[in-house]
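Have a look at the chain below, and then we will go through it together.

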Amino acid sequence: MPRSASSIRHIVRNLKLEYEGCSLEDIIRDRKIILLYIDDLEVDGAYGKFDIHFGNGVSISKQFIFINSKLDYYKKRCVLAHELGHAILLQSTIDQNYKPVIADCKIEMQAEIFASEFLLDDDSTLEYINLGVTNINQAKEQCVPVKYVDLKRKNLVCAKVKIAF
């Protein structure tokens, strides 16, 4: 189900309150998501939710986050936040044989919004804006992709957060 940027912002704010002071790995572990670091992963990261059915009518559902173990700390942090976004925002099981369609773009954008909201707090972003710091320079200073800063600033405007100029 598609979620709006404001609903994702609300989800992230509640998550950060619930897990104040916890690392992304701590949150993932607490939510019983299996986190696997893989040396030869061909992508930066991936998320999957799989239902395991046993012959006696019993089944369990498990969530997995796969991370390329060769990523540096900052890239890993961004990928973890993005994949945690998938884990929290996606409600249905992902079919292992699923072929990408246009809906995937929306799912990916939602995970990007989640990551931008998780990694960039309102106060520091507002401070950068008020000081006239460009999106590119904020991204460099906070070690995140520029697109995360773009999304965060856009979400602040949409949320009607007061920005002093």
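A: First, a term we need: buried means under 20% relative accessible area, exposed means over 50%, and partly exposed is in between (1.4 Å probe, protein chains only). This is a predicted model, in which local features need pLDDT of at least 70 and side-chain atom pairs count only at pLDDT 80 or more, while totals for chains, interfaces and linings use all residues. Residues are numbered from 1 along each chain as its sequence is written, and side-chain values use heavy atoms, with hydrogens and water left out.

Q: Why is F54 called partly exposed?
A: F54 has a relative accessible area of 43%.

Q: Where does F54 lie?
A: F54 is in the loop between β2 (45-53) and β3 (59-68). Helices (H or I, at least four residues) and strands (E, at least two) are DSSP runs, numbered from the N terminus.

Q: What makes the nonpolar surface patch that has an area of about 320 Å²?
A: I52, F54, V58 and I60 make that patch. Patch members need over 30% relative accessible area and no salt bridge; like charges are joined within 9 Å, and nonpolar side chains (Val, Leu, Ile, Met, Phe, Trp, Tyr) within 5 Å. The areas come from the Shrake-Rupley method with a 1.4 Å probe, and for residues only the protein chains shown count as cover.

Q: How do you know that β2 and β3 pair, and in which sense?
A: Two strands pair if DSSP finds at least two bridges between them. β2 and β3 have 9 bridges, so they pair, and the sense is antiparallel. One of the bridges joins G45 to I67 in β3. The hairpin of these strands has 5 residues between them, and G57 there takes a positive phi near 85°.

Q: What makes β1 and β3 a pair?
A: Strand β1 (residues 34-38) and β3 share 5 bridges, in the parallel sense. That meets the requirement of at least two bridges. L35, for example, has I65 in β3 as its bridge partner.

Q: Why is the contact between K76 and E25 called a salt bridge?
A: A salt bridge is a side-chain nitrogen of Lys or Arg within 4 Å of a carboxyl oxygen of Asp or Glu. The closest N and O atoms of K76 and E25 are 3.6 Å apart, so the pair qualifies. K76 itself counts as partly exposed, at 22% relative accessibility.

Q: What makes K152 a member of a network of salt bridges?
A: K152 meets E117 in a salt bridge at 2.8 Å, N to O. E117 lies in helix α4 (residues 102-119) and K152 in helix α7 (residues 146-158), so this pair ties together parts that are 35 residues apart in sequence. K152 also meets D122 in a salt bridge at 2.5 Å. D122 lies in helix α5 (residues 122-130), so this pair ties together parts that are 30 residues apart in sequence. The network links R9, R13, E117, D122 and K152.

Q: How do you know whether E117, D122 and K152 are buried or exposed?
A: Compare each value with the cut-off of under 20% for buried. E117 has 4%, D122 has 18% and K152 has 1%, so each counts as buried.

Q: Which residues does H86 touch?
A: Contact means heavy atoms within 4.5 Å. Not counting residues up to four places away in sequence, H86 touches Y47, I107, E108 and A111. H86 lies in helix α3 and is buried, with a relative accessible area of 6%.
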